Amino acid sequence: ITQIRCFAIADSVASIYDQRLKIELSGKYMLRIFFFVLALAFGQTSAMAASLFSTEVVLDDSDRATEQAAKQKAFVDVLVRTSGESALGDNAVIQKALPSVNQYITQLGYGESEGLRTLVLAFDDAKIRTLLTQAQAPYWGLPRPEVLFWLVEDNASQRNVVWEQSGSALIDTLKAEGERRGLPVLMPVGDFDDVVAVSIPDLWGGFAAPISQASARYNPTGVAVVKVRDNRLSWQLFPNAASIGNDAPLEGQAAGAPAQAFAKMIDDISDYYADRLAINLGVADSSAKALRISGLNDAEDFFVVERTLKGLNSVAALRLESIEEGTATFR
């Protein structure tokens with residue numbers, strides 16, 4: 001029951017993007033329960049929130065100038081991920097901020113990936129949001145849509161579905177690109193239920209009914225069907241998994257090695273969702289919503305409310321409009 005309530009409240013917080021949210025709570029006991037469950041919901045996304053502001057880049061050598069360039073590349077990667085804008089690196093404000101990248105770094109370390117030395121960085125989320133505001137760029141917070149990818153590989157002699165447990169290098173490439181843009185990637189496991197629910201001709205032909213039935217168990221936000229042949233891929237995205245068959249899918253193509261082609265596809269899909277879910281920090285009150293909370297019996301209650309709301313990644317800024325008789329109205 002707690003899990004169900006947790007997800008319900010997470011959904012309510014997410015809806016602050018597009019509808020007026022009013023929360024009426026009576027009494028101190030109900031207020032405590034609300035924030036206890038909200039904390040559980042917030043904990044579910046804490047790992048994803050941390051990953052939005054951290055990254056790892058390969059160091060070509062130990063030269064100081066090379067390390068500074070790596071920091072700047074990592075900085076742009078995080079800005080693209082948090083804004084949802086793939087071309088944000090060209091923004092004039094962002095370009096001016098690159099030489100002072102060190103002031104945005106909160107953690108720095110070294111690692112190794114495939115035998116190459118790497119730089120591991122984490123950036124200050126508050127400063128990132130301030131910079132995006134100055135750049136009049138959007139901010140794409142949490143929760144983010146989970147997309148289920150049905151990947152079919154055509155190697156001339158036969159076609160195969162690439163399952164989660166297949167160990168294919170294509171999975172690692174796809175997930176790496178999803179991580180780069182902060183897009184959660186789901187892969188079908190390939191067990192008996194999957195094999196029975198959908199066939200390769202169903203996927204290759206884009207038949208909505210079996211794809212919808214096979215995808216339902218994963219409860220994704222969207223479903224993508226990807227067909228890979230030689231160095232080309234084509235894809236269909238059903239943005240709303242609940243309405244597969246009712247809405248026309250988005251379609252796209254990409255060419256090149258898997259890393260290049262998957263990067264193009266993930267960019268297109270991420271841009272689509274970010275365009276609809278991101279909030280513009282640079283336009284005053286353009287995405288502001290009223291939030292009314294009652295049952296505040298003392299100053300401690302008020303500060304608990306304020307700290308919790310400020311801690312949510314979906315809240316770019318918070319302003320108290322009024323407080324009267326235990327009821328606070330925020331914008």
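Q: What makes up the contacts in the chain with a separation of 6 or more?
A: In this predicted model, residues 24 or more positions apart account for 68% of them, where contact means heavy atoms within 4.5 Å. Residues are numbered from 1 along each chain as its sequence is written, and side-chain values use heavy atoms, leaving out hydrogens and water. Local features need pLDDT of at least 70, side-chain atom pairs count only at pLDDT 80 or more, and totals for chains, interfaces and linings use all residues.

Q: Which residues of helix α10 are called buried, and why are they said to lie on the same side?
A: Happy to walk through it! P210, I211, A214 and S215 of α10 (residues 208-215) are buried, that is, under 20% relative accessible area, with exposed over 50% and partly exposed in between (1.4 Å probe, protein chains only). They cover an arc of only 125° around the axis, so they sit on the same side of α10; the arc is that of the directions from the helix axis to the C-beta atoms. The face turned away from that buried side carries the exposed A209 and Q213.

Q: Why is α4 called roughly perpendicular to α7?
A: The axes of α4 (residues 64-83) and α7 (residues 169-181) cross at roughly 80°. Angles of 65 to 115 degrees count as roughly perpendicular, under 35 as roughly parallel, over 145 as roughly antiparallel and the rest as oblique, so α4 is roughly perpendicular to α7.

Q: Which residues make that contact?
A: D77, V80 and R81 of α4 meet E179, R180 and R181 of α7.

How values were computed
Helices (H or I, at least four residues) and strands (E, at least two) are DSSP runs, numbered from the N terminus. Axes are lines fitted to C-alpha atoms, for helices over the stretch in contact, and angles run from 0 to 180 degrees between N-to-C directions.
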